[in-house]
Amino acid sequence: MHKLTGLNSATLRLRATAATALIFTALALAQAQQAPATIRLHPDDAARGLNGSQHNFDFLPPGVGGEQYQTAGFFGQKLRPYLAGNPEAVGFLNQYRRQKTVYLIDRVVAVGSFGLWGQQIFAGDEKQYFNNTQKVALGVFATSLLATVFINRNTNTYMKRAVEAYNAGPAHGSAWPRLRPTAVGLGLAPTGQPVLGLRWAVR
């Protein structure tokens with residue numbers, strides 16, 4: 001009778017351990033579904049194509065849901081901490097930053113050349129609109145406008161590729177994907193005590 005009671009006790013403990021493991025797994029999966037460990041761009045930004053608008057991207061950080069979008073910053077600098085562990089994503093973000101830097105330089109050249117043209121109007125005794133200096137300034141201004149088309153062509157694509165590379169990379173964004181065991185087993189120890197066996201693989 002004592003052995004039967006001990007067996008029942010061991011069975012109950014085994015069931016309790018199994019139930020605890022199942023509840024823990026279910027809660028972790030539910031949390032992962034509610035707050036996916038991915039970066040999501042605002043739908044309007046995700047739809048940008050070649051030569052699209054150049055305003056800042058908005059994104060949802062890993063594990064954040066709803067409409068709590070954050071700006072990535074002009075150079076994508078606010079997104080960089082999330083991509084730090086993914087070299088491919090960081091590479092695309094660096095290309096995005098380079099394009100935005102060139103874009104800024106191009107804008108300075110355009111504004112400067114147009115300002116020089118305007119300054120030359122009143123440089124002499126009479127108003128002038130097409131002297132040699134103004135010709136050069138207008139040429140630089142026109143070249144700058146043409147260059148803008150090529151500079152902006154792939155800028156948005158680099159940002160989108162950075163996010164895609166991050167999302168396609170290894171587990172990230174939350175502790176659960178890294179801590180989740182690769183195998184779970186239940187059994188009895190030689191003493192008759194129920195045991196829960198967990199196995200992890202290095203990620």
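**Exercise 1. How many contacts beyond four places in sequence does the model have for residues 171-178, where pLDDT stays under 50?**

Let's start with the ground rules. This is a predicted model, in which local features need pLDDT of at least 70 and side-chain atom pairs count only at pLDDT 80 or more, while totals for chains, interfaces and linings use all residues. Residues are numbered from 1 along each chain as its sequence is written, and side-chain values use heavy atoms, with hydrogens and water left out.

Step 1: pLDDT is the predictor's confidence in each residue, from 0 to 100.
Step 2: A contact means heavy atoms within 4.5 Å.
Step 3: For residues 171-178 the model has 15 such contacts. Residues 31-35, also with pLDDT under 50, have 1 contact beyond four places in sequence.
Step 4: Where pLDDT is low, the predicted coordinates should not be read in detail.

**Exercise 2. Describe how helix α4 packs with helix α5.**

Step 1: Helices (H or I, at least four residues) are DSSP runs, numbered from the N terminus. Helix α4 covers residues 87-121 and helix α5 covers residues 132-152.
Step 2: Their axes (lines fitted to C-alpha atoms over the stretch in contact, with angles from 0 to 180 degrees between N-to-C directions) come within 8 Å and cross at roughly 160°.
Step 3: Angles over 145 degrees count as roughly antiparallel, so α4 and α5 are roughly antiparallel to each other.

**Exercise 3. What share of the protein's residues is buried?**

Step 1: Buried means under 20% relative accessible area (1.4 Å probe, protein chains only).
Step 2: Of the 203 residues in the protein, 29% are buried.

Technical notes
Helix = DSSP H or I, 4+ residues; strand = E, 2+ residues; numbered from the N terminus. Parallel < 35°, antiparallel > 145°, perpendicular 65-115°, else oblique. Buried < 20%, exposed > 50% of the residue type's maximum accessible area, 1.4 Å probe, protein only.
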